[in-house]
Amino acid sequence: MSSGHYLGLIHRYGHRMDISRSVEPVSLCEGNTPLIPAPRLAGAFGGGFELFLKYEGLNPTGSFKDRGMTTAITQAVADGAKAVICASTGNTAASAAAYAARAGLTCAVLVPDGKIALGKLAGAIAYGAHVIAIEGSFDDGLRMVREVADRSTIALVNSVNPARLQGQKTAAWEISEALGDAPDWLCLPVGNAGNISAYWLGFNEAFEAGDITKRPQVLGAQAAGAAPIVTGKRVDHPETAATAIRIGNPARWQQALDALKDSCGNIDSVTDEQIFDAYRLVARTEGVFCEPSSAAGLAGLKKAIENGVVKPEGKRFVAILTGHGLKDPDSAVLNAPAPLRIAADTDALLKALNV
Ligand code: AN7
């Protein structure tokens, strides 16, 4: 008898994944994240359309990276690896560290010194990874770990590893199953371009399997200070407060361009101010707290509606909220006024409440 106990992405979708099935899946029961209707946010963007939030921050380590890490670490175990490595703006590091811990593998993560959100660093440390801060960007780190993987038996688990996309593509299937078809538009932030590539792969496979009748148009967003795909030019010194997408030379750049072209989609840049406006708005209108980089996709949607690139009327949109807001507590607290301080006294409280 099937208990219906949800046991993660390989358990659920492994028969549709191009990975080794020779070992037990390394899983934390990732995936199966909620697709939350967001009518108030849609109204704030002008209304007349349906908007859903795919809340990937509810994955086990707090970001979408867990989808690709269950497959990458399972494949690494099947390949006989004893150690894994990645470069990361933070979320990949935390995820790799957790899945490596679960598999009993050694894990090293390279992060840009001082440019990683506290909750991600905390995760990587808690899960027991060797955390190495480099005097350089994510792009420098990725170059270094690629070379290390070439010259050693350490397995690389960045999204240049094809096993990562095999897991990440499942989010497209979850969305399609929840809605009964693909949405009209898919909005998401773009950094190293692994996720946009994985979604496009997933929607294409679902389309070819006859599970959906159409594929979505893809709307990507990059931070203005780290927008190589938008400008068509590598950024040597990327800068944005949305540190997760502080990436100047995406590894899957060409695949992102293919997804944008094949889907009749669009990619644009959004300023940090636009990102933080969207970040506050989604939390305050819908009660959904995402990290700043995740809000870049929403900021991109707002911009595309305002400048007429997207005609939203009657359409169905899904925005991918890639990481949890609690990953980056500093962004929430340091950019806001301090809480009101009062004496532990009811009269003081009534005065503060203006009642
Ligand atoms: C919250 O963790 O690159 O375009 O090293 O953490 O697939 O890179 C994170 C990327 C969006 C961009 N939102 O996804 C890393 C890393 C969040 C992220 C992205 C990231 P990709």
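Rings of Phe, Tyr and Trp, the last taken by its six-membered ring, form an aromatic pair if their centres lie within 6.5 Å. The model treated in these exercises is a predicted one, and by this criterion the structure holds 6 aromatic pairs.

**Exercise 1.** Classify the pair formed by Tyr199 and Phe203, and place its two residues in the fold.

*Solution.* Begin with the geometry: the ring centres of Tyr199 and Phe203 are 6.4 Å apart, with 25 degrees between the planes. Planes under 30 degrees apart count as stacked, and the pair of Tyr199 and Phe203 is accordingly a stacked one. Next, consider the position in the chain: the two residues lie 4 residues apart in helix H9, which means that about one helical turn separates them. An α-helix has 3.6 residues a turn, so residues three or four places apart point the same way. Finally, in terms of accessibility, both Tyr199 and Phe203 are buried.

**Exercise 2.** Classify the pair of Tyr279 and Phe289, and state whether each partner is buried or partly exposed.

*Solution.* The centres of the two rings are 6.1 Å apart and their planes stand at 50 degrees, so the pair is tilted. It links distant parts of the chain, since Tyr279 belongs to helix H12 (residues 272-286) whereas Phe289 sits in the loop between H12 and helix H13 (292-306), 10 residues away. For the accessibility, recall that buried means under 20% relative accessible area, and that partly exposed residues lie between this value and 50%. Tyr279, at 5%, therefore counts as buried, while Phe289, at 26%, counts as partly exposed.

**Exercise 3.** Determine which residues of helix H11 (residues 253-262) are buried, and what these residues pack against.

*Solution.* The buried residues of H11 are Trp253, Ala256, Ala259 and Leu260. Viewed down the axis of H11, these residues fall within an arc of 125 degrees, and they therefore line one face of the helix. On the other side of H11, Gln254 and Lys261 are exposed. The packing partners of the buried residues are helix H9 (194-208), strand E8 (217-223), helix H10 (228-231) and strand E9 (266-270). Just after H11, Cys264 adopts a positive phi of about 55 degrees.

**Exercise 4.** Describe how the protein surrounds the ligand.

*Solution.* There are 21 residues around the ligand, and the closest are Asn91, Thr92, Gly191, Asn192 and Thr322. Of the 480 Å² of accessible area that the ligand has on its own, the protein covers 99%.

Terms used:
Residues numbered from 1 in each chain as written. Predicted model: local features only at pLDDT ≥ 70, side-chain atom pairs only at ≥ 80, totals over all residues. Heavy atoms only, no water. Buried < 20%, exposed > 50% of the residue type's maximum accessible area, 1.4 Å probe, protein only. Arc of directions from axis to C-beta. Contact = heavy atoms within 4.5 Å. Near = heavy atom within 4 Å. Areas by Shrake-Rupley, 256 points an atom, 1.4 Å probe, with all protein chains shown as cover. Phe/Tyr/Trp six-rings, centres within 6.5 Å; stacked < 30°, edge-to-face > 60°.
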